[in-house]
Amino acid sequence: KLGGARRAFGADALLPTPPEGLQNFSVALTFHDVEGDPGTSVLCGIQEWQHAQLLLGAGWSSLAVPVAMVGPAVQGVQLDWSATSPRLSDSSVFGFYSRLAPPDDTAVVYLSKLLTTTWGYRRLLIAYERGDYGQPLFDKSVQQLAIDIQTEVVQLPQKPTEADKPAMRAQLEAATMRQMRIGVLLAVEATTIEVFAEEQFNSTLLGPGYLWAGVPDLYTAGIRAVSGDLHRRWFGSVFLGPVWQGSAARTAAFEAFVKTLGPDDFAASPLLRDVLGCDSASTVNLGKSRVAPDASCWWGGLDMFNTPSAIVDQYTFWAFDAVSLVHYTVNRLAAAGVDVAAIGGSELLQAIRDTRFEGLTGSVALDENGDRIPSSFSLSFVLADGSVSGGVGTFFPETTTVSWHSEPIYSDGTSSRPPDVFPDCDAGSFRDYRSSQCALCPAGKHAPFAGSTSCLNCSRGEWSSTFGASRCDLCSPGYAQRRPGQTACSSC
């Protein structure tokens with residue numbers, strides 16, 4: 001309800017009619033601008049939860065975390081749209097908190113499911129940078145892995161320097177010797193990316209048949225920061241990015257509605273007007289008028305309305321879907337004969353988490369922790385020239401299935417997904433980890449069994465003069481060899 005009159009803005013184009021039909025109810029909203037202060041946010045929550053059924057907000061993670069910690073003590077239900085801290089997924093601490101914005105570790109959670117559940121990998125090398133970026137992502141990825149998954153963990157410096165490179169190389173060398181060929185990298189520092197792409201590791205860790213899987217940040221913040229040659233060595237790596245976009249028609253309808261708003265729509269609400277403009281004399285500009293915002297307004301106030309892209313962004317869509325989730329929840333309860341004016345606490349919390357609908361940001365559904373369940377993920381591959389082929393496939397987390405839109409190209413140049421173990425080399429050969437290929441045993445050595453990782457010296461009294469020997473020959477009568485690993489015998 002804007003400007004004192006209900007505005008028709010093509011609701012059918014924005015939100016589908018609920019299956020139970022539209023019920024008769026009203027929702028009273030009270031707005032508070034806490035100006036980015038956690039203390040003010042907590043006091044606001046405590047005060048409002050005394051009579052309000054639901055708190056929408058409180059905004060960024062720095063504000064949402066302290067408020068959400070208070071919620072369980074007062075049975076205060078909280079629905080947010082912009083906080084992304086992984087901490088808020090802990091239902092033992094933030095049990096009455098739910099959100100529409102995805103946690104920062106969303107891609108890692110479902111990347112683990114893709115590799116192990118969908119693709120069936122049982123052996124993973126996980127390399128991560130310590131610190132605020134890598135450590136939480138590593139913890140979350142390990143939580144998702146089944147007990148039968150064999151992992152090799154490489155812990156890397158948070159801010160690696162040139163002096164750290166030798167130790168990092170030694171760690172990678174050890175990992176290659178353990179035959180790990182499927183890797184999850186949780187790192188964004190250019191120095192880390194450079195070491196992984198060096199020639200001595202490139203042919204094994206990033207070379208033929210090897211798959212590196214990562215979250216989008218790895219490519220955008222890390223790989224693009226290194227030189228072109230190293231950049232191209234990430235050929236075949238796959239990146240998983242959540243898709244938070246509903247139908248184009250609904251998005252267009254919402255943007256069209258926003259652009260119709262003018263000063264009169266906010267004049268009837270002094271509180272809302274003050275929140276938006278920080279000055280009761282300010283008005284908005286959306287093609288109808290232009291008034292300079294109050295210079296003392298700390299965040300720019302109504303000036304954001306001068307640019308439609310500033311008001312219509314991803315957070316705007318999440319906020320709209322958060323309010324829509326309340327609408328659908330209350331509508332469903334009203335249809336079931338529930339007194340919506342009296343419901344609250346855990347009953348309202350569960351009702352919100354049980355509600356599903358198609359919103360501006362795609363399918364809206366929450367898990368048992370109150371986190372958003374992504375409707376799908378986009379699979380992207382790094383091509384031979386270092387560029388990214390986006391949207392090659394779609395991963396659906398609820399069914400853990402993949403739909404390919406075009407053939408993926410892995411690091412060996414084929415569309416055959418590499419296995420998580422190297423195939424056994426034949427007798428007489430061994431696995432060369434520098435090239436990830438089978439190599440023939442040199443003269444003076446042999447490999448008696450298939451699957452050997454190294455060749456054995458011929459024993460004393462034996463010799464081998466050919467490459468690829470599966471056994472050594474005994475010295476003929478009249479000849480002897482006192483040293484191991486020889487290519488001929490000497491006469492007595």
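Predicted model: local features only at pLDDT ≥ 70, side-chain atom pairs only at ≥ 80, totals over all residues.

The chain has 492 residues, and 46% of them count as buried. Along the way you'll meet 16 helices and 21 strands, eight salt bridges and four disulfides.

**The chain as a whole**

- The accessible surface comes to about 22900 Å², and carbon and sulfur atoms own 53% of that.
- Take the contacts between residues at least 6 apart in sequence: 61% of these join residues at least 24 apart.

**Nonpolar cores**

- In soluble globular proteins, nonpolar side chains tend to be buried together.
- The largest nonpolar core here is made of 32 residues, and L115, L124, L211 and L240 have the most contacts inside it.
- Quite a list of elements supply at least two residues each to this core: α4 (106-118), β4 (123-129), α5 (134-144), β6, β7 (211-214), β8 (238-242), β11 (377-382) and β12.
- The top contributor is α4, which gives seven residues.

**A nonpolar patch on the outside**

- V27, L29 and F31 make up a nonpolar surface patch, together showing about 270 Å² of accessible area.

- Side chains of opposite charge can pair when their charged atoms come close.
- K159 and E189 pair up through their side chains, with an N to O distance of 3.1 Å. K159 sits in the loop between β5 (150-156) and α6 (165-177), while E189 sits in the loop between β6 (182-186) and α7 (190-196), so this pair ties together parts 30 residues apart in sequence.
- Of those two partners, K159 is exposed at 57% relative accessible area, and E189 is partly exposed at 22%.
- E398 and R356 form another salt bridge, with their closest N and O atoms 3.2 Å apart. The loop between β12 (388-396) and β13 (401-404) holds E398, and the loop between α16 (345-354) and β9 (357-359) holds R356, so the link spans 42 residues of sequence.
- E398 is exposed at 57% relative accessibility, whereas R356 comes out as partly exposed at 49%.
- R471 and D473 are joined too, with 3.0 Å between the closest N and O atoms. R471 is exposed at 58%, and D473 is partly exposed at 33%.
- Finally, E162, K165 and E194 are linked in a network of salt bridges.

**Disulfides and other cysteines**

- A disulfide is a covalent bond between the sulfur atoms of two cysteines.
- C425 and C438 are joined by a disulfide with an S to S distance of 2.1 Å. The link is left-handed, at -90° about the S-S bond.
- C425 lies in the loop between β13 and β14 (429-432) and C438 in strand β15 (residues 437-440), so the bond ties together parts 13 residues apart in sequence. C425 is buried at 2% relative accessibility, but C438 is partly exposed at 42%.
- Another disulfide connects C441 and C455, at 2.0 Å from S to S. This link is left-handed, with -85° about the S-S bond.
- C441 is in the loop between β15 and β16 (445-446) and C455 in the loop between β16 and β17 (456-457), so parts 14 residues apart are tied together. Both of these cysteines, C441 and C455, are buried.
- C475 and C489 also form a disulfide, with sulfur atoms 2.0 Å apart, and their link is left-handed at -75°.
- You'll find C475 in the loop between β19 (473-474) and β20 (479-480), and C489 in the loop between β20 and β21 (490-491), 14 residues apart. C475 and C489 are both buried.
- Is C492 buried or exposed? At 76% relative accessibility, C492 is exposed, while C44 is buried at 14%.

Note on methods. Residues numbered from 1 in each chain as written. Heavy atoms only, no water. Salt bridge = Lys/Arg side-chain N within 4 Å of Asp/Glu carboxyl O. Helix = DSSP H or I, 4+ residues; strand = E, 2+ residues; numbered from the N terminus. Buried < 20%, exposed > 50% of the residue type's maximum accessible area, 1.4 Å probe, protein only. Core = buried A, V, L, I, M, F, W, Y, C linked by side-chain atoms within 4.5 Å. Patch = residues over 30% accessible without salt bridge, like charges linked within 9 Å, V, L, I, M, F, W, Y side chains within 5 Å. Areas by Shrake-Rupley, 256 points an atom, 1.4 Å probe, with all protein chains shown as cover. Contact = heavy atoms within 4.5 Å. Disulfide = S-S within 2.5 Å.
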